[in-house]
Amino acid sequence: MTSDPRIVSEEHWAKKEDVSLFAARKRLRERPPDQQARIPVVLVHGSSNSALPTFDLTVPGHSDYSLMNWLALRGWDVWTMDHEGYGRSTVTSGNSDIATGVEDLKALARVIAAETGCAEFNLYGLSSGSLRVAAFAQAAPEHAGRIVLDAFVWTGEGSPTLEKRKAGVAQFRASNRRAIDLDYLVGIFLRDGPGTTECAVADACARAQLEYGDSVPTGTYLDMTTKLPLVDPAKISAPTFVVRGEHDSLATMDVLLAFFHHLPTNDKRFAVLPHLAHIATLGKNRHALWNAVDEFFKAGSISDR
């Protein structure tokens, strides 16, 4: 969490029937006039780490690992949320699958509209978070401004990570939560492109996540191993940026390029970023990603043209 006096930090709660969803918001205390017309930005977490460990991480002895702070200092009104069953949000008997994540984002959209007057916002999603974003953009196009799909998976064909994960399908079906520990969470940073993340950063992220407990929902893992594809690119009208760390093993280049080809919009980009792996937001070369996301979002803001 930031102590930068330029940034306002707030906590909000979105309601989805009897489920309470924790949301964090950061923005400049005083935004320059040319940035005030920008729509908000929502950052969407993945399967094993909740919102703040992913997007607002403090690392002892290391600075500048909060994407929320970085975007806020560049004039964005930045939001992130713990999905159902994650972080500070309500833990339910459900498995928090991708469809549940779409409903979570609809609930957050109501809060953002009430707080900012904006029905539309930009979205960045990481890993299964990118699946949530794509599914949300398909189901609720009126809310999706510009979307970034990072470490995205479409059909799952040829994915080394998903092939290994399929060994756990019976467990994912038998229980709506799966155990996590320090070694497992740190291992996510090490499985692709060793050396792309500082060891202290992987450890800090893992420890921040474990403060919420030793389990997370199984729904996104089950979806990605048994139900792909979950989205139809032809039904996504939002301007879209498909981005991949060069060492990410979740999806193959051929499948991602096929998805990109089928997007109907002409306002679309595809990038492979060097020296980054699966959790690119926390990699050593993270600013290559952060700058690319910022530039893509600014391309949709009249005041930034």
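Six of the six residues of E9 are buried, so the strand is largely enclosed by the rest of the structure. The model is predicted: local features need pLDDT of at least 70, side-chain atom pairs count only at pLDDT 80 or more, and totals for chains, interfaces and linings use all residues. Residues are numbered from 1 along each chain as its sequence is written, and side-chain values use heavy atoms, without hydrogens and water.

E9 (residues 240–245) runs parallel to strand E10 (residues 268–273), and six bridges join them. Strands pair if DSSP finds at least two bridges between them. Strands (E, at least two residues) and helices (H or I, at least four) are DSSP runs, numbered from the N terminus. Thr-240 has Lys-268 as its bridge partner in E10. For Phe-241, the partner in E10 is Arg-269. From E9 the chain passes through helix H10 (residues 253–262) to E10, in a right-handed β-α-β crossover (clockwise from the first strand over the helix to the second, with the strands pointing away from the viewer).

E9 also pairs with strand E6 (residues 144–150), in the parallel sense, over four bridges. Here Thr-240 of E9 stands opposite Ile-147.

Note on methods. Buried < 20%, exposed > 50% of the residue type's maximum accessible area, 1.4 Å probe, protein only.
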